[in-house]
Amino acid sequence: MIKFMLMVNRQGQTRLSRYYTPVELSRRAVLEADVVRCCLTRKKDQCSFVEYKDFKLIYRQYAALYIVVGVTDSENELSVYELVHNFVEVLDKYFSRVVSLDIMFNLDRVHIILDEMIQNGHIVETNKSRVLAPLTALDKMADS
Amino acid sequence: MSDVVEKTLTALPSLLSLDSQPGSAKLSSTSKLGNLIRGITELTSKHEEEKLIQQELASIKEQVSSPNTSMRQMKELMVRAIYCEMLGYEASFSYIHAIKLAQQGTALEKRVGYLAVSLFLNESHELLLLLVNTVLKDLQSTNLIEVCMALTVVSQMFPKDMIPAILPLVEEKLNHPKEIIRRKAVLALYKFYLIAPNQVQHIHNKFRKALCDKDPGVMTASLHIYAQMIQEKPEGYKDLAASFVAILKQVVGGKLPMDFNYHSVPAPWLQIQLLRILSLLGKNDQRYTSEIMYEVLDESLRRAEMNHNITYAILYECVKCIYTIHPKSDLLEKAAKCIGNFVLSPKINLKYLGLKALTYVVQQDPKLALQHQMTIIECLDHPDLIIKRETLELLFRITNAQNVTVIVEKMLDFLRISEDDYTTIDLVGKVAELAEKYPSECWFIETMNTVFSVGGDMMQPDIPNSFLKLLSEGFDSVEEDKKLRLFAVDSYVSLLQGEPDKLPQRFLQVISWVLGEYSYLKEELQPAAVLRLLAKLLDTKNTSSETKSWILMAMTKLCDGEAGVSVAQEVSETYSSSLDTVLRQRAHELQYLSQNPELRSKVLPRDAGLEVDSSLSFLDGFVSEALAAGAAPYKPPHQRQEELAQAKALSLEPYGLSLPISMSSCSIADRQSPTLLSISSGLSGDSTDLSLKGGSTTLKLDGVKRVWGKEGYLAQREPLEEAAAQVEVPSPLRSPSQTGEADNSHSQTPIPIPTPEPEQEKQQLASSLFVGLSSHSSVSLMGKSEPTPQRFRRKAKSPSSSLDASERISNSLVSSTSTVDNLLCDNLLDTSELAVPSPSLTSQLSQSLTTANGSFDVQLTESDVKGSSPTLVRDNGVAVPLSGLSHSEITPLCSDQSLDLSVCHVQKEEYLALVSCVCDSAVQELRSLGVAVCQYSLTVKRPSVHVEVVGMVSYQLPVGTHQSVQFSHKLPLTSFIRPLTVSTEEYGKMWLDFTNDTKQNLSLISDGQESLTATLNVLKKKLQLHVVEIIGVEGIVACRLHQDQPCLMHCRVHAGTLAVWLRSPVPDLPDCLIYHCQRALQEH
């Protein structure tokens, strides 16, 4: 099961966070700082999966942006690793060549996309066009 | 990964860099959000950030409450509020406005409103109730996008109590023409199932419809529900296995539309989900369900050959599935090869996954580790700690008596460099578990010393506890006990002479206890010298007051002789005025006892086994005297509270009554734990499948209770290894005395002959790590014990001891084989009742039984197999000598193409007869079945709630191939309970003698006058108890566990419940019995 998904920059600033298990607001900042420290200190040739407390972190780097996913031990690490890439590909398709500013300034849209893909810690949709369908419909409504 | 894919991957990140071209379509960098983000990015200190965000929040607050704010502005404000909360600053004032936005906004504004709600509120937030009306309205909207939004938010969070309000609408959406609506409706139902399963019980057939939906997306969504339901109750959905297989076949075969592909792999996450469901269905399966999966698994393995991460993810899931379901040899072989590719891969992520897979499968087949020993060794030295850690996890699973020293050494090495507390705690627990499982004197103490100093005060408290328990209970031989204790004393004295202030508190406590208890063993050591060492420790300023009281206790045991007394006096004077009451108490004890050696030897007898009478039966005389003098009888706290609540005319504590109930359920779980724990511990922490076998789903303590003995861990795996053995390439028979070098040569990793030095080192390591992996299993299967003299085992009296039983069983394996052999030979060849002797079963059929209840608490007496005159059974008539007695239903246990095995039990006076029938089923002439009946008598050695008997039938077909079938059969303890006829006087006498007791409140059957009689009658009928006498509201009942192990029960009707008090000389028996009483009354 997926416990949370984070997007952070190299300075450790959170760009997006989504929790699928309840974590108090006050504890999130500490957790995020900890998680970021775990992942940012690792070298390129090291494993992309890190043990953290009783769960695992899976991280993937895209230039200055890190995407970190916390999962339970029963999860298939590699499939989540690829899910992250699928998510980025979806963003790339929607923003047509996504840059990290897109993510920062369109926090709401990125969340809406993520909500289509992951719910309750489970992967619910991975088909790119289907993931984007509701959002593009909303955009069209706003335009007209 | 192929080069092309690699390139696309590296191409993408560059697109994500910060230096973007300005003017990107959806960029709103000029907005207020843009300003905020830019402001934050430019900040340097946390303090500045806080200031900025507080300003921002104040401005948001002002604007949201202004009546002139448009919905469009409101949307922007919400995104800014989301941003602030993301950075950890609460914006609770905006929650209500988020709901308002969802209610009044249109299109994207509405969606952002819903989004903000789902980010801000948790599922139990009261404001969520305000959302219900909005959702209800949107569900009925004609605008599909609004319906969609409502369903999305419902599937993320919804107040449980309000489900009925929208359930009909959601159900209706299951028939919607648009796939997206149907899909989201299914996901909403999944959410309902998660938070309130009974609310959606009636629509299970609709789930099936969703599973068969023509749209793959809807079908995929329904899998989440099925995965959940199957996990909870796999046996209920076996019939669906064929459907899942069919779906997977279509997916793998590329029947889905192209847009489901990811890097030209068809719907990979769907495949993974299906494979998970299949392994849930095929777990612990008796072949039938697994059989239909073989083909598609083979196909998946074959198809997933494309070189991309996602195919490896699928392969990993596939391998796990193959090793979870009922084994099939050629699939296992392919899966093993696949794991090999993973482990050998230069890609580190794959290597990690390979190790994880290997860790999973070695529990089934430890020999697989042999094939990869050199890789494992390399991984042990891997610079990446994660890989190292995973390798240790793997080694932990393959530990046996011969390689434990090396593996523990490796773990300790890791511990010394690890900085992560969580890892330390986990690993320290594992080392302690291994050390205690395979103790050998010096090594054991040394290892535990390292555990205590490294684990420090972080480790689980039961590690020192069980260490001390182990030390005090001792092992099989007195000599060895003495040596062990002496060694401990020696090493602790030298530690204290060093720098004791560096040691963790827990370790100091262990040290003081051991010295107090056993330093007399070392004759040349003066007690006064030890006392001085301890006194020095008392003066150290780091020593906690808890440790100090341990030290004082130890000193009390030691203050012998003049010198000792004077040290003791000095110390006690210092601490007798301590502010800490416990310390003061100890100091006074020390003072008093040091002056009174006679009393001291009585209070603290040297080397006496510690016996705790938890029922305080020695106070019975005192209590009866007090009662006679008119004292009120003792009532346990919960009962008192209950009465108090009743006494009040207006109870202000409406929930007071529920306390006893929750306490009772709590204590039940607690009491079961000894048996459950010993099951899971032998197999280590997270081997879920095996611990499930023991029936434990309730309690997973982090406890480190152990299954003892040199075969400890492997003994329980016998059946599994047997299954896995089919895969193995036939290897020459090896004698158990063969050592590691031999294993090495056997390994399939090619080893170059002229080896450079480091290579040689590695090989040496390999031989010490993997020793005993192949020979060990084959030996234990044959029931011979292996000569490993340096290990000794625990005394039989210890509660978790199991070895004696397991050995008896393995011996019985051998002897019963011959008995049954004969029996069956006779049976098949000599009996006239069989028209045609069955051709398929020939002279070699052996049946063996073992108990699978980790604690081995059933004693098998194999000689009761009905000697020379085997009886034949037709249909389901039970063997003649047993025909007079009632027997249970005949349950089929297992079968394969040539034989069916079924079992029933007959309750005899002194034991439980287990009758198993072996019928051979695949004979051409169906009218004459060959039937063999074997009878075993079972008695319980140590009670537990359930007893599981596992065994194996092996036989030889005329063609000469050996076949074997495994089976298991679970019996409740009640099958072994018999009524005990005693008079009230005898009962009274016995009552006082028994020490193990348990009290609990049970529910009464009916509330009428006769409720006590009615309840007791139910128990009498269901559990075969003997009702001795019923007087007024009290009743006494007696029973026994079929040897002479009585259990007495005293019942009293009180406040609508039945207060039950059980006593027995046998530990655990009262607890187990009360569990069954509770069950019996619940079922009634």
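In strand β16 of chain B, the bridge partner of B:M1049 is B:L1062. This pair belongs to a predicted model, in which local features need pLDDT of at least 70 and side-chain atom pairs count only at pLDDT 80 or more, while totals for chains, interfaces and linings use all residues. Residues are numbered from 1 along each chain as its sequence is written, chains are lettered from A and ligands numbered from 1 in the order in which they are written, and side-chain values use heavy atoms, with hydrogens and water left out.

The strands β15(B) and β16(B) pair in the antiparallel sense over seven bridges; two strands are taken to pair if DSSP finds at least two bridges between them. Strands (E, at least two residues) and helices (H or I, at least four residues) are DSSP runs, numbered from the N terminus. Two residues separate β15(B) from β16(B) in a hairpin, and B:A1055 in the turn has a positive phi of about 50°. Strand β16(B), residues 1057-1064, is also joined by eight bridges to strand β12 (residues 996-1003) of chain B, and these two run antiparallel. Within that pairing, B:N1001 has B:A1059 as its bridge partner. Because six of its eight residues are buried, β16(B) is largely enclosed by the rest of the structure. Here, buried means under 20% relative accessible area, exposed means over 50%, and partly exposed lies in between (1.4 Å probe, protein chains only).

Strand β14 (residues 1034-1041) of chain B is likewise mostly covered, with seven of its eight residues buried. Eight bridges connect β14(B) with β15(B), residues 1045-1054, in an antiparallel arrangement, and B:I1036 stands opposite B:H1050 there. Strand β13 (residues 1026-1031) of chain B pairs with β14(B) over five bridges, again in the antiparallel sense. In this pairing B:I1031 faces B:E1034. The two strands form a hairpin with two residues between them, where B:G1032 in the turn has a positive phi of about 55°. A further antiparallel pairing, over three bridges, links β14(B) to strand β11 (residues 977-979) of chain B, with B:I977 opposite B:L1041. In a regular strand the side chains alternate between the two faces of the sheet.

Chain A contains an open sheet of five strands in the order β2-β1-β5-β4-β3, with antiparallel pairing. Its edge strands, β2 (14-19) and β3 (49-52), each pair on one side only. From one strand to the next, the twist averages 20°. Helix α4 (residues 107-117) of chain A packs on the sheet and touches β1 and β2 of chain A, its direction making about 35° with that of β2(A). Such angles run from 0 to 180 degrees between N-to-C directions, the axes being lines fitted to C-alpha atoms, for helices over the stretch in contact. Within the sheet, β1 (residues 2-9) and β5 (residues 65-71) of chain A pair over seven bridges, and A:N9 has A:L65 as its bridge partner.

Another salt bridge, of 2.8 Å from N to O, is formed by the side chains of B:K356 and A:E77. It crosses between chains, from helix α19 (residues 348-362) of chain B to helix α2 (residues 77-94) of chain A. Within chain B, B:R276 and B:E317 form a salt bridge whose closest N and O atoms are 3.3 Å apart. B:R276 lies in helix α14 and B:E317 in helix α17 (residues 309-324), so the pair ties together parts that are 41 residues apart in sequence. B:E317 is buried, with a relative accessible area of 5%, whereas B:R276, at 23%, counts as partly exposed.

Residue B:I37 lies in helix α2 (residues 32-42) of chain B and counts as buried because its relative accessibility is 0%. Apart from neighbours within four places in sequence, B:I37 is in contact (heavy atoms within 4.5 Å) with A:R15, A:M104, A:F105 and B:Y83.

Terms used: Salt bridge = Lys/Arg side-chain N within 4 Å of Asp/Glu carboxyl O.
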